[in-house]
Each structure stands twice: as structure tokens, then as C-alpha cells.
Amino acid sequence: MRQDEIIRVFPERLQKLLMAYIRDWDQLQEIHIRCFSQLILRINGEKVEMKEPVWQVSRQDFREIMDHISNYSFYALEEEIRNGFLTIPGGHRIGLCGRVVYENGRIRTMRNICFLNLRVAHEIKGCADRVLPLLYEKDRFLSTLIVSPPGFGKTTMLRDLIRRLADGSEGKEARRVAVIDERSEIGACYQGIPQNDLGMHCDVLDGCRKSEGIYRVLRSMAPEIIAVDEIGGKMDFEALEVALTSGCGLLATIHGSSYEQLLEKEGMQRLIVNGMFSRILFLTKVEQGKKYPGVVTSVRDAQGQELLL
């Protein structure tokens with residue numbers, strides 16, 4: 001992660017404070033920015049409240065921040081504002097909160113934005129290396145579901161698996177991977193270009209609902225594998241079943257903490273019992289007393305049997 005991608009968002013006085021305080025920029029995860037309040041950082045999973053008055057964000061500071069993240073053309077970003085977040089160079093995502101304006105029952109825009117959450121994009125290349133051999137049966141990729149509570153590295157693991165599949169690895173040929181990036185977190189596209197490395201043979205459908213996107217890429221991109229983040233609704237499950245019957249491999253994530261809890265989710269038991277996912281990965285973020293996102297603790301097959309890592 002290049003620190004200048006983050007630091008350029010802030011006015012000069014806050015840039016100096018952040019540069020002096022943050023020692024390891026690779027450990028920075030979030031910066032909460034609230035007008036007339038001090039910055040709050042999240043570093044290596046820990047919340048850090050900057051309580052000194054010098055860290056308070058003034059109205060002028062906030063205006064400069066908004067100018068920087070929008071390249072002085074905030075109204076040109078109407079669609080992103082309506083969705084509640086912006087993506088900046090480097091793939092870092094900035095969530096927005098303010099007054100929501102409705103028109104004909106739909107969100108038209110957002111006004112009086114005074115709250116921002118800058119989520120720092122991290123790529124951890126190689127985090128999938130240990131588990132990748134278990135996701136093949138000879139040369140066939142086995143559809144895989146990644147499971148963990150929020151913040152444990154599901155998207156980080158998903159991203160690295162996409163890269164390895166789309167580039168080819170372990171003596172396996174590269175696969176055509178289509179990514180449905182509904183929340184712009186996997187590829188983190190900026191002006192259409194993924195800021196994260198998703199491999200050579202990867203196509204990204206950005207900002208599209210998962211269920212709709214799956215049908216779109218099946219019709220137009222001839223994928224061998226379809227990758228999505230955080231499945232959960234009935235329409236997601238139905239679209240994934242269509243993809244599977246069309247001959248595509250699946251790579252997906254879902255919130256959960258155990259195999260038993262996963263089976264309790266509405267719709268998931270049928271999908272697992274029917275063998276939609278041949279491999280299920282469970283993640284933690286603690287390894288040998290240190291915090292790392294995307295650490296695989298358990299791998300199960302379609303019958304729920306544990307496999308040796």
C-alpha cells in the first residue's frame with residue numbers, strides 16, 4: 001500500500017500529523033473522519049482515538065478533504081454518492097454519511113455530508129498459497145465457499161484466490177474468471193480499472209447486483225469461474241445454482257463462524273447438501289499470537305468432513 005494514496009486526501013496540517021504518528025502504514029485499516037470531531041484510526045485491528053484538539057477536523061479541513069477525494073468535481077460523482085461510497089486511486093474506499101434525499105421512492109443523492117470512513121485497501125498476495133492445492137481435483141477447480149465473521153479477511157482471501165486462478169499456478173492453467181463486484185471491494189475499480197491485482201484472465205463487472213451480474217456474465221463473457229463476495233439472499237442462491245448448472249465453477253464468501261452455523265442459514269443447507277460447494281474454508285485472523293487477515297483454520301468438503309491442511 002502506497003501511503004501517498006491515503007495522505008493526499010487530507011489537508012496539509014493533517015498530513016503532517018498522520019505522517020508523524022503512523023509508523024507502519026501496512027497496518028492501517030481505517031480512518032474515521034467526522035466534521036468537528038477528532039480523527040479515529042484503526043491500526044492492526046485496534047481502535048486509536050486521537051483525543052488531542054489538534055486532531056479535530058474543522059469545517060475547512062472537511063471541505064478540503066471532500067475536494068481532494070472528488071478531484072474538485074463532487075457533483076460528477078452522483079452515482080457513487082447515491083450508493084454511499086467513493087473509490088479513490090489505490091482502491092481505497094470512502095464511505096459517506098449525511099442527509100439522504102429521496103425522489104420517487106429512490107435515493108437520488110446525499111447532502112450535508114459530514115461523516116466519512118476511509119477503508120484502506122490491502123492486498124496480501126500469497127495468503128491463498130497454503131490452501132490452493134486442496135481446491136483442485138486433478139485439473140478441475142472445486143467450487144469453494146469462504147466463511148468467517150466480518151473483518152477476518154474473507155475478501156482478502158477471495159481476492160488472492162481470484163488472482164491465482166486467473167494467472168494460473170501450481171502447474172494449473174489460467175482460468176477465465178468473472179468477478180461480480182457489487183460493492184467495488186474486490187477489484188476496487190477506479191475509472192473502470194481494477195486497483196487490485198486480480199490476474200490476467202479476469203473480467204470485472206463493477207457495481208452490479210450479484211444476482212443480475214451472474215446472469216450477465218454467463219451470457220456475455222464465457223467464464224469458467226464466477227466469483228462473488230458476501231452471498232446471502234434467495235436471488236443470489238438461485239443465480240449461483242444457474243451458474244453451476246451452466247458448467248461454471250463458483251468462488252464465494254459468506255458471513256459465519258462455524259459449519260453448524262452455516263447450515264442454519266436460510267437456503268444454505270440445501271445448497272451445501274446438494275454439493276454446490278465442494279470446499280468450504282473457515283478463516284481466523286490470529287496466528288501465533290499476531291493478527292493477520294485471511295488465515296485458514298479449517299477446510300471441509302461437501303459432506304462437512306475436515307481435510308488436512
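I took a salt bridge to be a side-chain nitrogen of Lys or Arg within 4 Å of a carboxyl oxygen of Asp or Glu. The model I worked on is predicted.

**Entry 1: salt bridges**

I looked up Asp-197 and Lys-125 and found their side chains joined in a salt bridge, 2.9 Å from N to O. This pair ties together distant parts of the chain, 72 residues apart. Asp-197 sits in the loop between strand E12 (193-194) and strand E13 (202-206), and Lys-125 in the loop between E6 and strand E7 (136-137). I noted Asp-197 as partly exposed because its relative accessible area is 29%.

How many salt bridges does the structure hold? I read off 21.

I went on to Glu-185 and Arg-119, whose side chains form a salt bridge at 3.2 Å, N to O. Here too distant parts of the chain are linked: the two residues are 66 apart, with Glu-185 in the loop between strand E10 (177-181) and strand E11 (189-190) and Arg-119 in strand E6.

I then checked a pair inside one helix. Arg-216 and Glu-212 meet through their side chains in a salt bridge of 3.1 Å, N to O. Both belong to helix H6 (residues 210-220), and because they are four residues apart there, about one helical turn separates them. I noted both as partly exposed: Arg-216 has a relative accessible area of 41%, and Glu-212 has 30%.

I also looked for salt bridges with shared partners. One network of this kind joins Glu-30, Arg-93, Arg-119, Arg-183, Glu-185 and Glu-230.

**Entry 2: the six-stranded sheet**

I traced an open sheet of six strands and wrote down its order as E3-E2-E1-E6-E5-E4, with antiparallel pairing. Which strands stand at the edges? They are strand E3 (46-49) and E4; each has a single partner strand, so one side of each has no neighbour in the sheet. On average, neighbouring strands of this sheet are turned by 30° against each other, direction ignored.

I found helix H3 (residues 59-69) packed on the sheet, in touch with strand E1 (28-34), E4, E5 and E6. The direction of H3 makes about 105° with that of E6.

I followed strand E4 (residues 85-88) into strand E5 (residues 92-103); the two pair in the antiparallel sense over four bridges. Among the bridge partners, Thr-87 goes with Arg-93 in E5, and Ile-88 goes with His-92. The hairpin of E4 and E5 has three residues between the strands, and Gly-90 in its turn has a positive phi of about 100°.

How many bridges join E5 to strand E6 (residues 106-119)? I read ten, with the strands running antiparallel. Glu-103 stands opposite Arg-106 in E6. Two residues lie between the strands of the E5 and E6 hairpin, where Asn-104 takes a positive phi near 55°.

**Entry 3: Glu-5**

I looked up Glu-5 in helix H1 (residues 3-7). Its relative accessible area is 14%, so I noted Glu-5 as buried. What does Glu-5 touch, residues up to four places away in sequence not counted? The list is Ile-88, Pro-89, Gly-90 and His-92. With His-92, Glu-5 makes a polar contact of 2.7 Å, side chain to side chain.

**Entry 4: Arg-279 and Thr-144**

I located Arg-279 in strand E16 (residues 279-287). At 15% relative accessibility, Arg-279 falls under the 20% cut-off and so counts as buried. Beyond its neighbours within four places in sequence, Arg-279 has contacts including Leu-134, Leu-142, Thr-144, Val-299, Asp-301 and Leu-307.

I then turned to Thr-144, which lies in strand E9 (residues 144-148). Thr-144 is buried, because its relative accessible area is 0%. With neighbours within four places in sequence left aside, Thr-144 is in contact with Leu-135, Leu-250, Leu-251, Ala-252, Phe-277, Arg-279 and Leu-281.

Conventions
Residues numbered from 1 in each chain as written. Predicted model: local features only at pLDDT ≥ 70, side-chain atom pairs only at ≥ 80, totals over all residues. Heavy atoms only, no water. Pairing = 2+ DSSP bridges. Buried < 20%, exposed > 50% of the residue type's maximum accessible area, 1.4 Å probe, protein only. Contact = heavy atoms within 4.5 Å. Polar contact = N/O pair within 3.5 Å; in protein donor to acceptor, adjacent residues only side chain to side chain. Axes fitted to C-alpha atoms, helices over the stretch in contact; angles between N-to-C directions.
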